[in-house]
Amino acid sequence: MVDSFGPVRGDDGAGFRDAGRVTGGHADAPREGSAGEPIRVLVVDDHALFRRGLEIVLAQEEDIQVVGEAGDGAEAVDKAADLLPDIILMDVRMPRRGGIEACTSIKEVAPSAKIIMLTISDEEADLYDAIKAGATGYLLKEISTDEVATAIRAVADGQSQISPSMASKLLTEFKSMIQRTDERRLVPAPRLTDRELEVLKLVATGMNNRDIAKELFISENTVKNHVRNILEKLQLHSRMEAVVYAMREKILEIR
C-alpha cells in the first residue's frame with residue numbers, strides 16, 4: 001500500500017500525509033458477527049478527486065469495501081438510506097448540507113451506520129458539534145492512508161477514533177468546563193456499578209478494550225459488556241459520548 005495520497009488532493013489542498021497517530025481502539029481483532037464480510041464504507045466529500053483517492057487506497061484493503069460516494073450532506077443521507085453502510089467517512093464543510101448537520105438525519109435513516117468525520121477543520125466547535133450529532137470519530141486529513149484503514153476497522157469494532165491534536169483540545173475544554181461550572185444536576189445521574197465506573201475511567205484515558213481487560217484482569221468480552229451497559233444506562237451511542245457525558249456530569253474527575 002502507498003503511504004499517502006501524494007498528489008491526490010482536494011481543491012482545498014487537503015490530502016493525507018504521514019503525520020500524527022490516530023488515538024482509540026485496537027483494530028486487529030475481527031468485528032463481532034462480521035462472518036468475514038468486508039466493512040462497507042460510504043465516502044462523502046465535496047472534492048471528487050479526494051473521493052477517488054480514498055477509493056483507490058481502500059480498494060487495496062481486502063476487508064474494506066467502498067460501496068458508494070456522495071458530494072454533500074444531503075446526498076449522503078440519501079445514499080446512507082439506500083446502501084446502509086457500516087462506516088461513513090464524511091467531511092465537515094460541504095455545499096448544500098454540511099457533514100455535521102447530516103449526521104442526525106443519517107442516524108435516523110441508517111442507525112447502525114457509524115460516522116467518522118474526515119476533515120481539515122481543527123476547530124473545537126466542529127469537534128464538539130460532531131460528537132453531539134452522533135459521530136464516532138473525528139480525524140484530520142493530515143493522517144496517513146494506512147491510518148484511515150486502521151480507523152475504519154477500529155470504529156467498526158466498536159471503538160472511537162480522534163486525532164491526537166483534537167483529543168488534546170477536547171480534554172482541555174473538559175477541564176475548563178468543569179472548573180467554571182458549579183451547577184447541580186436536577187436529575188440524579190444513572191447509577192453505574194463500581195466496575196462500570198472503573199471501566200469508564202479507563203475508557204476516558206483512551207485505553208481500548210484489550211488494554212482495559214489486561215488492566216482489570218477480566219476478559220475482553222466482559223469489558224465489551226460493561227461498555228455496552230454503560231452506554232445503555234446513559235442512553236448514549238458511543239464511547240466518546242460516554243466520556244463527554246461523564247465529565248460534564250462530574251461522574252469523572254479530571255485533575
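The largest pocket holds about 560 Å³ of space. This is a predicted model, in which local features need pLDDT of at least 70 and side-chain atom pairs count only at pLDDT 80 or more, while totals for chains, interfaces and linings use all residues. Residues are numbered from 1 along each chain as its sequence is written, and side-chain values use heavy atoms, with hydrogens and water left out.

What is a pocket here? On a 1 Å grid over the protein atoms alone, a pocket is an open set of points where a 1.4 Å probe fits, with protein on both sides within 12 Å along at least five of seven lines. Lining residues have an atom within 4 Å of a point. Grid points are joined across faces, edges and corners, and the volume is the space filled by probe spheres set on them.

The largest pocket is lined by 23 residues. Closest to its centre are Lys114, Asp157, Gly158, Leu231 and His237. α9 gives the most, with five residues. By class, the lining has seven nonpolar, eight polar and eight charged residues. In this count Ala, Val, Leu, Ile, Met, Phe, Trp, Tyr, Cys and Pro are nonpolar, Asp, Glu, Lys and Arg are charged, and the others, Gly among them, are polar.

Now step back to the whole chain. Its secondary structure comes to 10 helices and seven strands. These are DSSP runs, numbered from the N terminus: helices are H or I with at least four residues, strands are E with at least two. Of the 255 residues, 49% are buried. Buried means under 20% relative accessible area, exposed means over 50%, and partly exposed lies in between (1.4 Å probe, protein chains only). A contact means heavy atoms within 4.5 Å. Among contacts in the chain with a separation of 6 or more, 71% are between residues 24 or more positions apart.

Next, the interior. In soluble globular proteins, nonpolar side chains tend to be buried together. A nonpolar core is a set of buried Ala, Val, Leu, Ile, Met, Phe, Trp, Tyr and Cys residues joined through side-chain atoms within 4.5 Å. The largest one has 30 residues. Val44, Ile88, Met90, Ile106, Met117 and Tyr138 have the most contacts inside it. α3 gives the most to this core, with four residues. Apart from it lies another core, of 20 residues, among them Val203, Ala204, Val243 and Tyr245. Tyr138 has a list of contacts beyond its neighbours within four places in sequence, including Val92, Met117, Leu127, Ile162 and Met166.

In α1 (residues 48–58), the buried residues are Phe50, Arg51, Gly53, Leu54, Glu55, Val57 and Leu58. They pack against β2 (39–44), β3 (64–70), β4, β5 (114–119) and α5. In α7 (residues 194–204), Glu196, Val199, Leu200, Leu202, Val203 and Ala204 are buried. These pack against α8, α9 and α10 (239–248).

The loops hold buried residues too. Glu61 lies between α1 and β3. Its relative accessible area is 13%, so Glu61 is buried. The side chains of Glu61 and Arg153 are joined by a polar contact of 2.5 Å. A polar contact is a pair of N or O atoms within 3.5 Å; within protein, one must be able to donate a hydrogen and the other to accept it, and residues adjacent in sequence count only if both atoms are side-chain atoms. Asn208 lies in the loop between α7 and α8. It is buried, at 7%. Its side chain reaches the backbone nitrogen of Asp211 at 2.9 Å.

Ser238 is in the loop between α9 and α10. Is Ser238 buried or exposed? At 4% relative accessibility, Ser238 is buried. Not counting residues up to four places away in sequence, Ser238 touches Ala135, Thr136, Ser160 and Leu231.

Two other loop residues are exposed. Arg96 sits between β4 (87–90) and α3 (99–109), with a relative accessible area of 69%. Arg96 has a positive phi of about 65°, although it is not a glycine. Phe217 sits between α8 (209–216) and α9 (220–234), and is exposed at 77%. Phe217 also has a positive phi, near 60°.
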